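Here are a few exercises to work through with the viewer open. Try each task yourself before you read the solution below it.

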Amino acid sequence: MMLSRRDAIKYSLSVTALAGLAAAAAMAAPSKASADELQLNEVNVRDYGATGDGTADDTAAIHAARDAAGVGGRIVIPPGTYMVSGLTAGVTDQKWELSEDAVIKMKVGATEVLSVSAAGVSLVGGVFDASNGTAHDWSQQAIRVSADGVTVRNATVQCSPAIGVYAV
């Protein structure tokens, strides 16, 4: 059977369009590797050197866990008292999950326990203890929020010298 020139062009365009749609669909669908990577974005601060013993400065270890979790990751903070010189939740859409018995405690001389500077961060549970704050004015807070879409749920703030949760 012979195709007319017109039919041949139609057939060629149809095959090209279908191939283009298939390629676009393949690009839009997440690969198995990216789905597996999403599951690996949960990190435990103890795996990054946090001791939770109430005396060691755990700031660097918690920041390392935060960075490892990446955008949209989940940071798990198990029971313990984590002494910090000022944490920053600066990665978008992260979920910080603190055990019911996890205490994040401000070191003497720090200005806040936690500063949330990235959008979409969620803080769930735990205790934020600012009892080591010394400046009883507006300069010290337990939690300072300076981003949009931040959620603080089931968290306890203790002994903040000024404001417990301050949203800028």
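**Exercise 1.** In what sense do β6 and β9 pair, and over how many bridges? Then place the pair in its sheet.

*Solution.* Keep in mind that this is a predicted model. Start with the pair: β6 runs alongside β9 (residues 122-124) in the parallel sense, and three bridges join them. For one of the contact points, look at K95, whose bridge partner in β9 is S122. Next, step back to the sheet. This is an open sheet of five strands, ordered β1-β3-β6-β9-β12 and paired in parallel. Its edges are β1 and β12 (151-153), each of which pairs on one side only. From one strand to the next, the twist averages 15°.

**Exercise 2.** Which strands does α3 lie across, and at about what angle does α3 run to β3? Find out, too, what covers its buried residues.

*Solution.* First, the placement: helix α3 lies across β1, β3 and β6, and its direction makes an angle of about 150° with β3. Second, the burial: within α3 (residues 59-69), the buried positions are T59, A61, I62, H63, A65, R66 and A69. Third, the cover over these residues includes β1 (42-44), β2 (53-57), β3 (74-77), β4 (80-84), β5 (87-89) and β6 (95-98). Finally, follow the chain just past the helix, where G70 adopts a positive phi of about 70°.

**Exercise 3.** Which residues have the most contacts inside the largest nonpolar core? Trace the elements that build this core.

*Solution.* Nonpolar side chains tend to be buried together in soluble globular proteins. Here the largest nonpolar core holds 30 residues, and I77, W96 and I104 have the most contacts inside it. Two or more residues come from each of α3, β3, β4, β5, β6, β7 (102-106), β8 and β11 (141-145). The top contributor is α3, with four residues.

Terms used:
Residues numbered from 1 in each chain as written. Predicted model: local features only at pLDDT ≥ 70, side-chain atom pairs only at ≥ 80, totals over all residues. Heavy atoms only, no water. Buried < 20%, exposed > 50% of the residue type's maximum accessible area, 1.4 Å probe, protein only. Contact = heavy atoms within 4.5 Å. Pairing = 2+ DSSP bridges. Axes fitted to C-alpha atoms, helices over the stretch in contact; angles between N-to-C directions. Core = buried A, V, L, I, M, F, W, Y, C linked by side-chain atoms within 4.5 Å.
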